[in-house]
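Trainee: Please pick one part of this model and take me through it closely, from its end to its neighbours and then out to the whole chain.

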Amino acid sequence: MKTAVIGIGNIAQVHIPALLGAKQDIVALCDVDSARCEKAIERFGLQARVYTDYAEMLEKEELDAVHVCTPHYLHAEMICACLDKNVNVLTEKPLAISQTQLDTIEAAVKKSTAQLGVCHQRRYEEAMKYLKEKFSSDPVIAAYGNMCWYRGKDYYDSDAWRGTWTQEGGGVMINQALHTLDLLQWISGMPTSVVAHTHNDTLQDVIEVEDTATGNFTLANGGKMILNATNGCTSSFPVGLMLDSKSSRALVVGDHVIVDDVVLKKDDELPLFGKEEWGVGHQKLITDYYRCLANGEKFPIDFYEGEKVIRLILAMYQSNGKQIEI
Ligand SMILES: NC(=O)c1ccc[n+]([C@@H]2O[C@H](COP(=O)([O-])OP(=O)(O)OC[C@H]3O[C@@H](n4cnc5c(N)ncnc54)[C@H](O)[C@@H]3O)[C@@H](O)[C@H]2O)c1
């Protein structure tokens, strides 16, 4: 298929080889900084045209699919521009940063013949697929997720959009801990309410958004789903999940899973330490997205799957210690 990528920063360096690995044709790259496109063309040996204006690219190119790898506040308008032209679009997370953006995207999805996919690549890890399957017939009655990372001044100073309400749309929750919360809700089910606290513990002079958050969610079956997340540590530890059903207990760190005292090592070979949060899921997710498009199948992480974690995060931001119904 003829594909293009918008936003040639960090994560595009993962999308481009994954697209090539999925045997797709990258015909165009777009970034407001054209040098980033040229650099990627050289790095990956591409034959792609370069654009600095995504609307012009959508006008001039006959594209089958576009990858949106830009800062958060731009996702909604770029997704809608693709859908309006019936061009399939795979967006990086977060799907959106406000309820208004979610509503606009939903309207565009309903009118379009194209498929929107959302990059929640951790759902493609073997450990997560195993847990999803295991607890689908044995419902979770208590869940706990812990993300404890370091993101310092250098990280936030590296790009102007980071650490701002208008462009990042939040801090640790909408960016880093989104994956952990998405996995918790995917495996445990969508909660019905939350009491949350978000605060800036370590970066008051650097960012206007939260570096730390806690969420106490109530599940539909009355169970609890607790999330602790921070960017305010001095190291980044592997993300941990703990899950209880009536008959079983699971602990997962990276792709290391312990179920009822039995240590299961799933086969993704994720390093426990390092950029494990990006995981190996991008290649699997992107390959599956194009398999679905080629076969006329529905891609599983569509608008309605992508919006769940956004609704949870927006409720956390709204909560400030009060119970919010979801
Ligand atoms: N799924 C994951 O695990 C994962 C990991 C990292 C980043 N991400 C997501 O990927 C997205 C990008 O993050 P990043 O770290 O690559 O950011 P980045 O700042 O490195 O890259 C963004 C790129 O978009 C370009 N850009 C900005 N405005 C543009 C416009 N109007 N038109 C075209 N290009 C434009 C910038 O010049 C930059 O090159 C974010 O949504 C982020 O949350 C996801």
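**A close look at helix 9**

Mentor: Let's start where helix 9 stops: the residue that follows is G296, with a positive phi near 70°. Helices here are DSSP runs of H or I with at least four residues, strands are runs of E with at least two, and both are numbered from the N terminus. Keep in mind that the model is predicted, so local features need pLDDT of at least 70 and side-chain atom pairs count only at pLDDT 80 or more, while totals for chains, interfaces and linings use all residues. Residues are numbered from 1 along each chain as its sequence is written, and side-chain values use heavy atoms, leaving out hydrogens and water.

Helix 9 covers residues 281-295, and its 15 residues reach 21 Å from first C-alpha to last. That is close to the 21 Å expected at 1.5 Å a residue, where the expected span is 1.5 Å times one less than the number of residues. Its buried residues are G281, H282, L285, I286, D288, Y289, Y290, C292 and L293; buried means under 20% relative accessible area, with a 1.4 Å probe and protein chains only. Contact means heavy atoms within 4.5 Å.

Now step back to the whole chain, which has 10 helices and 15 strands. Buried residues account for 55% of its 326 residues. Of the contacts between residues at least 6 apart in sequence, 68% join residues at least 24 apart. Finally, the C-alpha trace spans about 55 × 45 × 40 Å along its principal axes.

Key: Buried means under 20% relative accessible area, exposed over 50%, partly exposed in between (1.4 Å probe, protein chains only).
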